[in-house]
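Thanks for passing this one along. Here are my notes, in the order I would read them with the model open.

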Amino acid sequence: MNVDITIDALWQLLNEHQNETFYTMKKLPFTFTVRGGEIFVDRRSKSITKATFKQALNKLKSNSDQIKGPKSLNVFGAPYVWAILKTFEIV
């Protein structure tokens with residue numbers, strides 16, 4: 001687990017891994033593209049912002065023992081945010 005990653009380092013990872021297949025906890029495949037401060041997931045019509053990822057990282061840093069899955073992140077697009085953080089071994 002690497003909750004000490006900065007939002008900028010995470011955003012760089014997202015840029016490097018665009019169009020790769022990720023999987024939610026329910027094993028649903030998805031890809032994403034980054035445009036500015038947002039990612040666009042192919043399974044959703046709305047984007048997930050950089051601020052949402054920053055919020056998730058802050059929650060993990062302050063309550064890492066209480067965050068056990070996407071619902072406990074309590075952010076927009078949590079299943080996708082969680083899947084990305086899990087793939088990059090941040091959670």
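The points below go through the sheet, the core, the helix packing and a few single residues.

1. Ground rules. This is a predicted model, in which local features need pLDDT of at least 70 and side-chain atom pairs count only at pLDDT 80 or more, while totals for chains, interfaces and linings use all residues. Numbering starts from 1 along each chain as its sequence is written, and side-chain values use heavy atoms, with hydrogens and water left out.

2. Three strands make an open sheet in the order 3-4-5, with antiparallel pairing. Strand 3 (32–35) and strand 5 (48–49) each have a single partner strand and stand at the edges, so one side of each has no neighbour in the sheet. Strands here are DSSP E runs of at least two residues, and helices are H or I runs of at least four, numbered from the N terminus; two strands pair if DSSP finds at least two bridges between them.

3. The hairpin. Strand 3 and strand 4 form a hairpin with two residues between them, and G36 in the turn has a positive phi of about 65°. Four bridges join strand 3 to strand 4 (residues 38–41). Within this pairing, V34 stands opposite I39, and T33 has F40 as its bridge partner.

4. Two faces of strand 3. In a regular strand the side chains alternate between the two faces of the sheet. For strand 3, F32 and V34 form the covered face, whereas T33 and R35 form the uncovered one.

5. The core. The largest nonpolar core has 29 residues, and those with the most contacts inside it are L10, L14, F32, I39, F53, I84 and L85. Helix 1 (7–16), strand 3, strand 4, helix 2 (50–63) and helix 4 are the elements that give two or more residues to this core. Helix 4 gives the most, with seven residues. Such a core is a set of buried Ala, Val, Leu, Ile, Met, Phe, Trp, Tyr and Cys residues joined through side-chain atoms within 4.5 Å; buried means under 20% relative accessible area, with a 1.4 Å probe and protein chains only.

6. Helix 4 and what comes after. Helix 4 is largely enclosed by the rest of the structure, because seven of its ten residues are buried. These are A78, Y80, V81, W82, A83, I84 and L85. E89, which follows helix 4, has a positive phi near 60°. V91 is also in the segment after helix 4 (78–87), and at 18% relative accessibility V91 counts as buried.

7. Helix 1 against helix 2. Their axes (lines fitted to C-alpha atoms over the stretch in contact, with angles from 0 to 180 degrees between N-to-C directions) come within 10 Å and cross at roughly 125°. In this meeting, I7, D8, L10, W11 and L14 of helix 1 touch K50, F53, K54 and L57 of helix 2; contact means heavy atoms within 4.5 Å.

8. Leaving aside neighbours within four places in sequence, L10 is in contact with I5, F53, L57, L85, F88 and I90. T52 lies in helix 2 and is buried, with a relative accessible area of 10%. Not counting residues up to four places away in sequence, T52 touches V75, F76 and V81.

Conventions. Buried means under 20% relative accessible area, exposed over 50%, partly exposed in between (1.4 Å probe, protein chains only).
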